[in-house]
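Reader: I would like to learn how to read a protein model, one feature at a time. Where should I start?

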Amino acid sequence: MGKKVTDNRNALRVAVIGGGTFGTSIAAEIGKDHEVILFEKNSELLQEGTFVNCFRHHRGYHYPRSNETVLEVQQATVAFEELYLESIVDNYKTYYALVNEGSYTTQADYLKFCDKHGLPYKIVDVPKDTFDSQKMALCIEVEEPSYHYETLKALIEKRLTSSKNIEVLLNAKVIDMVITSDGKKRLTFEKNSNQKVDEFDVVINATYANINQFSAPLNFPLHPVRIDLVEEIIVQAERPPVSLTVIDGPFTTVITTGNPNEFVAVHAKVSIFDRYVSEDGLPRKTGKILSRAKETLAACAQDVPFLNKAKITSTRIVHRAVRANREDDDTRASDVISHGHNCYSVLSGKIITCVSIGRHFRKVVNDFYDQQTASTK
């Protein structure tokens with residue numbers, strides 16, 4: 001099972017579960033030194049959180065109540081752009097606005113936050129054909145691009161296929177894991193309706209909203225997460241690309257996808273079907289979900305009037321996971337969890353941090369390898 005590392009017969013075997021941005025980036029980094037099997041339950045990579053996303057290339061403006069989140073994305077920027085700069089879209093203006101009533105952040109506090117973190121901005125009058133100027137107390141133009149999903153996906157797939165040490169298993173769902181007496185991790189997985197078993201030295205769980213599915217069978221402590229069931233809409237609007245965010249509360253985000261006249265729109269209240277902290281730490285099973293696309297478009301149009309003439313072309317629904325009970329600061333900083341036994345999980349929703357997280361795990365695995373090698377001398 002798997003491709004063999006040609007330059008190091010003693011290299012470790014590493015399983016990465018989850019083929020989103022984080023699982024793929026972790027696999028790509030560790031695959032520089034060790035044999036990696038990447039398990040993805042879907043028929044393609046990057047089909048969930050990376051795909052159902054606002055595509056924002058975060059600089060920090062979006063989290064005025066979480067210094068931790070801002071610092072992390074700022075520190076991660078260089079690493080991400082070293083590899084994926086080609087996916088960045090910046091041929092448009094980006095604006096953030098605060099409403100007259102209902103924001104969790106005041107105008108003075110927001111500008112103080114930007115100054116504190118060195119986030120450049122220019123206070124401007126609300127540009128024509130953007131926000132509803134009557135509702136906005138403040139509008140700033142900022143330096144924050146987005147990423148183009150199709151380009152990012154192609155770049156990541158190229159990284160994986162160019163490595164002789166990485167095998168990607170699509171339609172492969174891990175259903176069980178046991179730790180053997182000699183410390184190996186024995187994974188059972190289903191692929192093409194067949195069950196198979198393989199053993200690994202290290203296992204890294206990057207399944208996002210399903211993070212606790214990995215922990216339950218091994219009696220690892222559950223990681224406290226809040227689950228959101230979210231719908232985003234893709235719309236066509238005959239206008240130049242733009243990025244518009246009403247900060248901070250139950251408002252609107254509209255961002256170009258990088259494709260001509262195409263935008264993703266989400267409303268921080270209407271677009272949320274469900275929000276909860278479950279006892280088992282897992283997403284609830286969902287039956288048929290009735291789309292709120294029209295309601296979302298109408299709610300977003302109250303903040304961004306040009307959407308009144310937009311056409312909905314598709315909707316996308318996904319489970320998201322964030323740290324539980326952090327509504328006070330709305331933090332989205334990454335969690336890297338060590339379960340012991342060389343088993344790890346990662347929870348992160350900021351695409352920009354995927355390369356730095358991958359490099360962190362490469363160091364973790366190499367440190368373990370060095371310890372193992374030293375103990376056998």
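Author: Start with secondary structure. This is a predicted model, and its chain comes to 7 helices and 20 strands.

Reader: What does the radius of gyration of the chain agree with?

Author: The chain has 377 residues, for which a compact globule would have a radius of gyration near 21 Å; the value here is 22 Å, so the two agree. Along its principal axes, the C-alpha trace spans about 70 × 45 × 35 Å.

Reader: How many of the 377 residues are buried, as a percentage?

Author: Buried residues make up 56% of them. The chain exposes about 17200 Å², and 47% of that area is supplied by carbon and sulfur atoms.

Reader: Which residues have the most contacts inside the largest nonpolar core?

Author: The general idea is that in soluble globular proteins, nonpolar side chains tend to be buried together. Here the largest nonpolar core has 47 residues, and Val 14, Ile 26 and Phe 80 have the most contacts inside it. Helix H7, residues 354-375, gives the most to this core, with 8 residues. Another core, of 24 residues, lies apart from it; Val 246, Phe 251, Val 254 and Phe 306 are among its members.

Reader: Which residues is Phe 80 in contact with, leaving aside its neighbours within four places in sequence?

Author: The contacts of Phe 80 include His 57, Leu 85, Leu 152, Ile 351 and Val 355. As for the chain, among contacts between residues at least 6 apart in sequence, 72% join residues at least 24 apart.

Reader: Which residues have a positive phi although they are not glycine?

Author: The background is that most residues other than glycine have a negative phi, and most peptide bonds are trans. Asp 129 has a positive phi of about 65°, and Asn 342 has one of about 60°. Asp 129 is in the loop between strands E5 and E6, while Asn 342 is in the loop between strands E19 and E20.

Reader: Is Asp 129 buried, exposed or partly exposed?

Author: Asp 129 counts as partly exposed because its relative accessibility is 41%, and that class lies between 20% and 50%.

Reader: Where is there a cis peptide bond?

Author: The bond from Ile 247 to Asp 248 is cis, with omega near 15°. Asp 248 sits in the loop between strands E14 and E15.

Reader: Where is Pro 305 found?

Author: Pro 305 is in the loop between helix H6 and strand E18. Leaving aside neighbours within four places in sequence, Pro 305 is in contact with Thr 130, Phe 131 and Asp 132. Pro 305 and Ser 181 are 63 Å apart in space, C-alpha to C-alpha.

Conventions: Residues are numbered from 1 along each chain as its sequence is written. This is a predicted model: local features need pLDDT of at least 70, side-chain atom pairs count only at pLDDT 80 or more; totals for chains, interfaces and linings use all residues. Side-chain values use heavy atoms; hydrogens and water are left out. Helices (H or I, at least four residues) and strands (E, at least two) are DSSP runs, numbered from the N terminus. The radius of gyration is taken over C-alpha atoms; the globule rule is 2.2 Å times the number of residues to the power 0.38. Buried means under 20% relative accessible area, exposed over 50%, partly exposed in between (1.4 Å probe, protein chains only). Contact means heavy atoms within 4.5 Å. Accessible areas come from the Shrake-Rupley method with a 1.4 Å probe; for residues, only the protein chains shown count as cover. A nonpolar core is a set of buried Ala, Val, Leu, Ile, Met, Phe, Trp, Tyr and Cys residues joined through side-chain atoms within 4.5 Å.
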